[in-house]
Amino acid sequence: MTTRTPTELLREEHRIILAGLDVLEGAAVRLRGGGGLPERLWPSLLAFFKAFADRNHHAKEENALFPAMIKAGVPGPGGPIDVMLEEHEQGRGLLRAMDAAGAPAERATLAERYVTLLREHIDKENGIVFPLADAVLDPPAQSALQRDFDAVEAELGIAASPDAAERTVKDLAASLAG
């Protein structure tokens, strides 16, 4: 079995988050069209993004990857990391707004904004930030980063598991389709 690099793990998490965004987008389309959602689908979608995308994935980036990149010489203030951090905050704000939104049209609009933000954000990380990290982080830094990622996953338990997150997304998609 080959060991994945920290950025390969983050890319795998992105794949799962993108699948979740597809479900959220489908829910937004249904809401915009005047259709209802299955009971508990909306709170379950928001819970997925709060737990897996934010508390797990973004925590790894904010508490481990980005500081390691800055330590390796990547500019912090005014650089690509600042952009990523600002987008994380925008996403959290949209999640809070979606949580508070009552009207279906408002939920749909906020969900569409969140989907667009995260898809563009993931494109930037996969295309710019992660290749930069791979270029500047030497093997000892990569190993330390992996230990930090393992600590996040140990702290969060099942909520940090890509396998569990993937099952959750499949269940959410089935609920939306059913």
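From the N terminus on, the elements run α-α-α-α-α-α. That is 6 helices and 0 strands. Keep in mind that this is a predicted model.

Of the 178 residues, 43% are buried.

Now the contacts. Take those between residues at least 6 apart in sequence. Of these, 80% join residues at least 24 apart.

Let's look at two helix pairs.

Pair one is α1 with α6. Helix α1 covers residues 6-32, and helix α6 covers residues 162-177. Their axes are 10 Å apart, and the packing angle is about 15°. Are they roughly parallel or roughly antiparallel? Angles under 35 degrees count as roughly parallel, and therefore α1 and α6 are roughly parallel to each other. Their crossing is left-handed.

Who touches whom? On the α1 side, the residues include Leu9, Ile16, Ala19, Val23 and Ala27. Gly20 and Gly26 of α1 are there too, along with Arg15 and Arg30. On the α6 side, we find Pro162, Ala165, Glu166, Val169, Leu172, Ala173 and Leu176. By class, this contact has 11 nonpolar, 2 polar and 3 charged residues.

Pair two is α2 with α3. Helix α2 runs over residues 41-71, and helix α3 over residues 80-100. The axes come within 11 Å and cross at roughly 165°. Angles over 145 degrees count as roughly antiparallel, which makes α2 roughly antiparallel to α3. This crossing is left-handed.

Which residues make the contact? From α2, they include Trp42, Leu46, Phe49, Phe66, Met69 and Ile70. Lys50, Asp54, His58, Glu61 and Glu62 of α2 also take part. From α3 come Ile81, Met84, Leu85, His88, Arg92, Leu95, Met98 and Asp99. The class count for α2 with α3 is 11 nonpolar, 2 polar and 6 charged residues.

To recap. We have 6 helices and 0 strands. Helices α1 and α6 are roughly parallel. Helices α2 and α3 are roughly antiparallel. The α1 and α6 crossing is left-handed, and the crossing of α2 and α3 is left-handed.

How values were computed: Residues are numbered from 1 along each chain as its sequence is written. This is a predicted model: local features need pLDDT of at least 70, side-chain atom pairs count only at pLDDT 80 or more; totals for chains, interfaces and linings use all residues. Side-chain values use heavy atoms; hydrogens and water are left out. Axes are lines fitted to C-alpha atoms, for helices over the stretch in contact, and angles run from 0 to 180 degrees between N-to-C directions. Helices (H or I, at least four residues) and strands (E, at least two) are DSSP runs, numbered from the N terminus. Angles under 35 degrees count as roughly parallel, over 145 as roughly antiparallel, 65 to 115 as roughly perpendicular and the rest as oblique. A crossing is left-handed if the near helix is turned anticlockwise from the far one by less than a right angle, and right-handed if clockwise. Contact means heavy atoms within 4.5 Å. Ala, Val, Leu, Ile, Met, Phe, Trp, Tyr, Cys and Pro count as nonpolar, Asp, Glu, Lys and Arg as charged, and the others, Gly among them, as polar. Buried means under 20% relative accessible area, exposed over 50%, partly exposed in between (1.4 Å probe, protein chains only).
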